[in-house]
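Please look through the structure below before reading on.

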Amino acid sequence: MRRVLGWLMCAIGTVGCAGSPPIVKSDVVGATAAFDGFPPQALEGIVYAQALFDGDYEDTFGTDLVTRGVVPVHVTMQLRGQGQENAQILIKPGRMDARLYLIDGTALPHVTADEVAGALKEKFAREVRQHAFQGGLLGSEPNEGYLFFSLQSEGEFEAQGRAVRHDVDGIQRRLDLTHSLLAFDVMVEDTPKAFYVGIQR
Amino acid sequence: MKLKSLSFLLVLLPACSSPNPFVENRIVLENAITHIESGETSTAARDLELMLATAEGEEFYLQRFFASYLLTQAHGTASVQEPFLSEPVGTGDRFDVRSQSLNGGRPSRIGHLVAMIYHSSHGRAWYGRTGESPLEWEGERVLPAQLESYGTENAAIYMNLCFLAVYSELNFQDGIAELLAGMGELTDLERCEALMDQVELEAELRPWVYRGVFEHQKKRDEPNAYRFAIRARETGSAVEAFGAELSAQIARWITHDSSYRFVSPANQAFDPALEGCTVTGTPNLMYEAVLERP
């Protein structure tokens, strides 16, 4: 039956049948929902993480950081589930190997709040330091704040609202920042665990 | 003359006196196939993206779709062979907890996985419109023979399997459930393997497909999950896709966390150190599921 179906598809002119074995119709081919970003939450063991590109970040910092070459990502981390009372998981932003992968695969480096603040006027710098993700010992209460990533280290970028234009090798890519992937490591019971979190809009 | 053919004619009238754009794009696709086969994945990716930047318009959907397929393949190949994307450099106090050292500039496997999602999502979006493009223009085929014989359907399946493999490696369980909701036949092991063979999915990506379906099935159909777990461990160790920890995690589910006991015809329980029963020679995959606790 499958063979008959395959040859029937050839007969009606489907591309790709010349000289090839008959293709069985598959429901896998139909799964073409539009990509709307990676899942924005991750749970590894008892460590929960969530990331957000806050559309109101300009109000938070008083200035548009993206046009200044810095992408602020709001991160929430906490412990969830059995064993959270006794867990000792310490997070330090500078030692979690945080990267932000734009959807074209370009990895943006993490920059510290002090590095970002150093390039800003004092009133904006104060907001950056105040809202930065500080880390610390994780507990059942959310530990949250902003991580910052630099757009200035790779190729040429131009901010376009919630997107950036990335020029590389003469190719211009328009990349939605909310399609990016946040990656970082957390030490859980002396073992590094990789976290991958999409960016909620 | 059909209206559709007329519109192509109008669009391409200015091109009549210049080189056939479909042929130029076909050559890019042909060269990209050669480059990917020889491991020159960055060259293939650059040329394909340049082609995508110039070949706009509905008449090019078919070529754009296959460019996305080849870009997905180029990044998939690069991720397991020789990554050309890199991790960030010059980043102050960035620190790799695994190596206990600064790690800027090392090859970025994850970057390529993300790029696979980027390009496969374009291809998945264009798949439905490939029928709007001509197969031939001015007596020239618009696709290389290899891609014509491979077919749009296989390319679409390939990109969906890549999507699943990447989500599996990045541990997006909820995302996998959503994907499998639209690709139910992948939960049938024989069907899943037949499809991976049919679209020639790379050996290094297959363990992640098995692992993704295993994680999905273990909350729904444990005996079925067991079969995917076995194939994930077998293929994952064969191509060194998994670290020892992940392989051990899967084995632990079989031996401790499942409600079933998996046994050979000689009633020998699954042993992660063995490939099958030492009495009957039955491979692990053929073990039976016996309900131990409801």
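**Cysteines and helices**

The sulfur of Cys192(B) lies 13 Å from the closest cysteine sulfur, that of Cys162(B), which is too far for a bond; a disulfide here is a pair of cysteine sulfur atoms within 2.5 Å. This is a predicted model, in which local features need pLDDT of at least 70 and side-chain atom pairs count only at pLDDT 80 or more, while totals for chains, interfaces and linings use all residues. Residues are numbered from 1 along each chain as its sequence is written, chains are lettered from A in the order in which they are written, and side-chain values use heavy atoms, with hydrogens and water left out.

A search of the whole structure finds zero disulfides over all chains. Cys192(B) counts as buried because its relative accessibility is 0%, and Cys162(B) counts as buried at 1%, where buried means under 20% relative accessible area, with a 1.4 Å probe and protein chains only.

In helix H3 of chain B, residues 41–54, the buried residues include Thr41(B), Ala44(B) and Leu48(B). Seen down the axis of H3(B), the buried residues fall within an arc of 155°, so they line one face of the helix, the arc being that of the directions from the helix axis to the C-beta atoms. Among what covers them are strand E11 of chain A and helix H2 of chain B.

Cys162(B) also belongs to helix H7(B), where it is one of the residues that meet H5(B), contact meaning heavy atoms within 4.5 Å. The axes of H5(B) and H7(B) come within 9 Å and cross at roughly 145°.

Technical notes:
Buried < 20%, exposed > 50% of the residue type's maximum accessible area, 1.4 Å probe, protein only. Helix = DSSP H or I, 4+ residues; strand = E, 2+ residues; numbered from the N terminus. Axes fitted to C-alpha atoms, helices over the stretch in contact; angles between N-to-C directions.
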